[in-house]
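This report is intended for a reader new to the structure shown below.

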Number of protein chains: 4
Amino acid sequence: MQRFALIGAGFIGAVHARNLAADPGVDLRLVADLDPARADAVAAAHGARGTTDLDAVFDRDEIDAVLIASSTDTHASNLRRAAAAGIAALVEKPIDLDLDRAREVVREVEAADIPAMVDFNRRFDRDHAALRRIVADGGIGELQLLQLTSRGPELPPIDYLRVSGGQMRDQAVHFFDLARWIADEEVVEVHAMGSALADPRVAEVGDVDTSSTTLRLASGAIVQIDCLRCTGYGYDERIEAAGSAGLVESARMRSGGVTRFAGTRAEADGLHAGWFERVQPTYAAALRSFVEALETGSPVGATLRDGLAAQAIAEAATRSLASGRTEPVVHD
Amino acid sequence: MQRFALIGAGFIGAVHARNLAADPGVDLRLVADLDPARADAVAAAHGARGTTDLDAVFDRDEIDAVLIASSTDTHASNLRRAAAAGIAALVEKPIDLDLDRAREVVREVEAADIPAMVDFNRRFDRDHAALRRIVADGGIGELQLLQLTSRGPELPPIDYLRVSGGQMRDQAVHFFDLARWIADEEVVEVHAMGSALADPRVAEVGDVDTSSTTLRLASGAIVQIDCLRCTGYGYDERIEAAGSAGLVESARMRSGGVTRFAGTRAEADGLHAGWFERVQPTYAAALRSFVEALETGSPVGATLRDGLAAQAIAEAATRSLASGRTEPVVHD
Amino acid sequence: MQRFALIGAGFIGAVHARNLAADPGVDLRLVADLDPARADAVAAAHGARGTTDLDAVFDRDEIDAVLIASSTDTHASNLRRAAAAGIAALVEKPIDLDLDRAREVVREVEAADIPAMVDFNRRFDRDHAALRRIVADGGIGELQLLQLTSRGPELPPIDYLRVSGGQMRDQAVHFFDLARWIADEEVVEVHAMGSALADPRVAEVGDVDTSSTTLRLASGAIVQIDCLRCTGYGYDERIEAAGSAGLVESARMRSGGVTRFAGTRAEADGLHAGWFERVQPTYAAALRSFVEALETGSPVGATLRDGLAAQAIAEAATRSLASGRTEPVVHD
Amino acid sequence: MQRFALIGAGFIGAVHARNLAADPGVDLRLVADLDPARADAVAAAHGARGTTDLDAVFDRDEIDAVLIASSTDTHASNLRRAAAAGIAALVEKPIDLDLDRAREVVREVEAADIPAMVDFNRRFDRDHAALRRIVADGGIGELQLLQLTSRGPELPPIDYLRVSGGQMRDQAVHFFDLARWIADEEVVEVHAMGSALADPRVAEVGDVDTSSTTLRLASGAIVQIDCLRCTGYGYDERIEAAGSAGLVESARMRSGGVTRFAGTRAEADGLHAGWFERVQPTYAAALRSFVEALETGSPVGATLRDGLAAQAIAEAATRSLASGRTEPVVHD
């Protein structure tokens, strides 16, 4: 059993707590949060102890692994402390919104040689993972075009957008990672075009809510990513990979299987209302994979280097939004 | 080029006329109808001659084949005349509503040895035919269950129902034929249960509009056929065949491929409004097959014996509706 | 918190134990089984106590409710003990394979006035329940035809079939219940036709593995139920309800959402391999509903009378399999 | 009846000839081609006269309208002659590969005030047209993202690619037109990224076979178009329009409705093998629309100005492929 501490007891922290409690290989010991009531509440629901004291978290005698789900600006320092203490870490993306600082932290973690994984949970979506296996097994021949859709459902609060780093770093970055992971090759250059259509305040904070990003991979294959911050039809995520010998699609997921036919129309269950309903199972699956890596010493499902690579694409895409030019991706 | 005469210039006669005119192997010469204006109108649209004179139709020097689309009570006599004249015949089902009379006619036609085919057009549905090939090729292993759906869209006029022979002989008979054709074996016994739900006058004329018929095949495989005379959602036809190694489905056909997602719902194109829109291509395909049989001397796609067999099942099903018992199918 | 005891720690007992442990309104106290090791193992996984002593289970001071998942022949006696002790009971179907004995037990339970529910878990399938709401809300007008499919995936052991009561009582009974529940009316008469196709030993034990059952409801609406014991394509469950104003379908459920297009073919995820994968969420939902009924005093989701009614249909269907006749359903 | 002449009796000319012969408002008089045998063959199949003499075509006393399906480099001169003769014209795209020359011709045609239409046949696809109506009727709120897919199935001959003007002008141009037509607004700027992946000779002739093009509309809405010259899975065309209140999709079209389930997999009909099978009905529908415009004096379904606008986008996209920059669209 891996003894875990969880840092962060907000909405997603509570999700992680449930998954930690349910995972057969995890003994959830501590839940840390700046807010002691919140820490205690989440801890109590799963037989763990709440704390505000990070020294208790980074105590190698008591804790084997930490799940970092605290606010973005603390990811880097928590990773550093885990590295210093020799405690394994599963960290929410991004490592740090500042790519240079993120790179520095990764070097430290690598020097400390602790198991560390970025929680790119979409990699653990059952359908996306099946799509990737088909691509890897040659089921579509040579990859030509990869198309990823990430839409909605609702505009985050403007205050969040102000500090989010923008749509490329905050939303598209998951799909930059999926693109590298599915194609199993690096991104060479990027172009992004975006608009603020949902709310005029989006433009005021220098962001976009509707964008199309095009990537060129090393092989010449093209990747297309469309991102909407808000839709009128719930949360929509889908992937298509077209190659010389076929197409594979991880389809948009319906919330149910009921259809009513009346007159000349058919009415059916639409998409999930929220992103969380849609991707919920991926969090437990990502955790399971991390715990297996700890147990067996096998590689983690998404390394910190994967995290940096996705961020580097987001940087180039953010530059392209402003310049209108195709921008090179500067890897490390 | 096969020189054709068409008998019957009503709604379905006009459909046949268009298909005859378009078929590359057909020279449509005559359109015969009791109503001279109707005969002329349909004929003129396709460069043929209208007539009320059946002697002109059954003139072997001028005509190679006749398509009999006149009223049901004339099918038998027209088949007889075709046999006597040595003219090939494609006849709408049924051969005759009276099964004994139908058998007599078939014996005459067989004695005359003319090519003759019953227009069981559903056999020529692209999807149904593909399903049958998969069954025949062992794609589902040994057949266990065959399920056929025939629904709607609208109650025929009560005056038609009065002379139609009832839902088994008039509607289900197409699916009795499909069952024999897909399973490639004979029906041993039948049970039918039905109700008159759509209109009280249906019961008054001794008919039902909603029924479920169960057939046992010689192999023991079970066939389920559900028939509705009217629906609120257009015309619905589908087939499933389940076997020891799998299932094959010829799905209900949508009228289009557009879906709108809004809120948590999806709204899409439903079914075809009418049966004709759904099955239209099968008429031309059935004709094509008949003409090929004439050109090559190969067997026709559905023999008069097939017509008799389907009618024999309809007789047993009609008896079962009244008796509540499983009834044996009496072949010939 | 309702203090629960679970009787039966076999496969399905272990499923119930997990759901009891996870339900927010349940405090799982005891797990009873004839086999003490099995009782202890299941209990230990969820912080409960294992026992072989049913006196401990039926102790009203310690236990509020019992979940009866022991072997079929013990359902009745356990229900009786619950009634005598004044303990609420959730019981796996059937109440007793002998309908007369089942009726007697139900009268006793009703006299004792304990909350009691039959675990007709399919009623708690998200899609089936949505279909029922649409029917109840008039979304298809007047019900005309209800079609239920229950197929596979594998033949149970012959030794199980020998004591199962036959396909009608063991498999179809779930769908007899769904039919009553969806249509919200009683079944008047039944016809069943079946064959033993999967294995000759099925016939030797007097059972069938392939059947079509037709029910007539009080309104005249027709119900069609097809049951296969084994398929070559996993577990298949679907429902269609057609009415005067439309159709609603709870579609067969795919195991995933990935499709590969290559050449002229598309290959996709098929059905769930087993019935359990398909219906798993319904067990927790049924339990949740029972616990809510206990907490609020509201009616349970499926009464023991519902259990008797479904069994009465199964009796008539079993008679019909032998007689070939449409058989009346004899309600109490 | 509109008296038509057809110029061009190649593959697509023969398709047009069939549609002209079948259209109830058309009297097909002449089929002109440089190759007299080809002209005669196509003409004879439909009771028309073959000719190599364009003077006969542009004779206002004999001909009301001309369908220009000759080689691309003759479109402009044939349009000019139609304008000079006062004969209506339906012309295959493009008007001329040289946009300046195309503009000049359009001015001449407008001065002559003949009815003239570009054969943007995709506008007449049943599903695409339904999607557009839903967008126009506010069914998705304000348009945010429009996604168009145009893929395969096979690389055209390299000799054709050499003179085609490149993927933007030859393939994507249809979808530039659809984008303007669906969004009902103009394109402001364009970015295109492409690769030659299918065959090294594609790069040698300066073309790409795989591309992603992003357009910004006047409203700020974003359009994404992906084009593949060849696929391993037939011809794939689909459209999605996402807006503030929903999504509408014109889905990829399957060639049939049969699915086989076996084991844990489902195998179904894939896409149409060729583009022609997929879009065939659109040619007759476009013609029908043109003839109705001639009969009623109503506006044509796609003006020559629409043709110019789509070409202007293709010019900007072609520049962007080379420059890597977002390029402004220069309208007239």
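A residue counts as buried under 20% relative accessible area, as exposed over 50%, and as partly exposed in between (1.4 Å probe, protein chains only). By that rule B:Glu237, at 1% relative accessibility, is buried.

This is a predicted model, in which local features need pLDDT of at least 70 and side-chain atom pairs count only at pLDDT 80 or more, while totals for chains, interfaces and linings use all residues. Residues are numbered from 1 along each chain as its sequence is written, chains are lettered from A and ligands numbered from 1 in the order in which they are written, and side-chain values use heavy atoms, with hydrogens and water left out.

**Salt bridges**

A salt bridge is a side-chain nitrogen of Lys or Arg within 4 Å of a carboxyl oxygen of Asp or Glu. Over all chains, the search finds 148 of them.

| Pair | Closest N and O atoms |
|---|---|
| B:Glu237 and B:Arg122 | 3.0 Å |
| B:Glu249 and C:Arg252 | 3.6 Å |
| D:Arg101 and D:Asp98 | 3.8 Å |

Helices (H or I, at least four residues) and strands (E, at least two) are DSSP runs, numbered from the N terminus. D:Arg151 lies in strand S7 of chain D and D:Asp236 in strand S11 of chain D, so their bridge ties together parts that are 85 residues apart in sequence. D:Arg151 is buried, with a relative accessible area of 0%, and D:Asp236 is buried with a value of 0%. In chain B, B:Arg122 is buried at 8% relative accessibility. By contrast, D:Arg101 is partly exposed at 44%, and D:Asp98 is partly exposed at 31%.

**The interface of chain B and chain C**

Contact means heavy atoms within 4.5 Å. Chain B contributes 43 residues to this contact and chain C contributes 44 residues. Buried area is the accessible area (1.4 Å probe) that two parts lose on being put together, summed over both. Here that area is about 3200 Å², with 53% given by carbon and sulfur atoms. Six salt bridges are found across the interface. On the side of chain B that touches chain C, the elements giving two or more residues include strands S7 (143-151) and S12 (246-250) of chain B. The largest share, six residues, comes from S7(B).
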